[in-house]
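Hi,

Here is the structure I promised to pass on. Have a look at it first, and then read my notes below.

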Amino acid sequence: MGRDERDGSELPTRWQGLIFGFKASVFRARRSLLEWRSRPPRHPVGGELVEGSILGQARAALWSQLSEAEFPLTAGKVENLRVSARALHGVEVPRGEVFSFWRQLGRTTQSKGYTAGRELREGCMVPNVGGGLCQITGLLYQAALKAGLTVVERHAHSRLIPGSMGEQNLDATVFWNYVDLRFQADFPWR
């Protein structure tokens with residue numbers, strides 16, 4: 001591990017980054033093969049459930065105490081949360097169908113408006129396009145639990161950040177496309 005000169009935090013080495021990239025490619029290929037014929041559908045934005053009751057909700061602060069060095073990646077995270085929230089807003093999932101975060105959102109790219117945000121990777125904060133989406137997936141997970149949805153797939157972070165929802169087992173991490181957040185219900189939901 002190297003040190004980030006901006007704030008003194010540890011950074012993965014180039015070799016560790018290459019190994020991580022290779023492993024991620026293998027896991028992505030595996031997920032694609034397993035779901036070749038049976039991947040969850042994308043759900044449309046709808047208007048039928050607009051007037052329905054709120055069954056579950058969760059909130060978190062967008063900004064935390066941060067150093068001057070952390071500000072650009074935190075600002076990137078906040079922008080990525082805005083872009084993803086717009087993409088998910090109004091999506092209605094029919095009774096019994098699976099909602100997949102990645103199937104619904106698609107890959108995070110600059111052409112879709114995503115920017116470099118902070119990502120927790122192997123215990124290190126690193127910049128990545130679309131970084132910071134674990135905040136929205138954690139909130140979706142918490143709201144799904146409160147609403148009585150069945151969690152089909154959820155992954156906790158591999159390392160806990162002091163003060164995070166991970167300490168309460170209420171986090172949900174994602175990584176394109178093989179670490180997903182999925183749930184379903186025996187009722188339609190928005």
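Before anything else, a term you'll need: two residues are in contact when they have heavy atoms within 4.5 Å of each other. A second one is that helices (H or I, at least four residues) and strands (E, at least two) are DSSP runs, numbered from the N terminus.

Keep in mind that this is a predicted model: local features need pLDDT of at least 70, side-chain atom pairs count only at pLDDT 80 or more, and totals for chains, interfaces and linings use all residues. Residues are numbered from 1 along each chain as its sequence is written, and side-chain values use heavy atoms, with hydrogens and water left out.

The overall picture: the chain has four helices and seven strands, in the order β-β-α-α-β-α-β-β-α-β-β. Of its 190 residues, 36% are buried (buried means under 20% relative accessible area, exposed over 50%, partly exposed in between, with a 1.4 Å probe and protein chains only).

Now for helix H1, residues 14-34. Phe20, Ala24, Arg28 and Arg31 are buried there. They cover an arc of only 75° around the axis, so they sit on the same side of H1 (the arc is taken from the directions from the helix axis to the C-beta atoms). An α-helix has 3.6 residues a turn, so residues three or four places apart point the same way. On the other side of H1, Trp15, Leu18, Phe22, Arg30 and Leu33 are exposed. The buried residues of H1 pack against strands E4 (116-121), E6 (150-153) and E7 (182-184).

Helix H4 (134-147) is mostly covered, with ten of its 14 residues buried. Among them are Ile136, Leu139, Tyr141 and Ala143. What do the buried residues of H4 pack against? Their partners are H2, helix H3 (101-105), E6 and E7. Just after H4, Gly148 has a positive phi of about 85°.

On a 1 Å grid over the protein atoms alone, a pocket is an open set of points where a 1.4 Å probe fits, with protein on both sides within 12 Å along at least five of seven lines; lining residues have an atom within 4 Å of a point. This pocket has 31 lining residues, and Gly56, Leu140, Ala143, Trp189 and Arg190 lie nearest its centre.

Cheers

Conventions. The expected span of a helix is 1.5 Å times one less than its number of residues.
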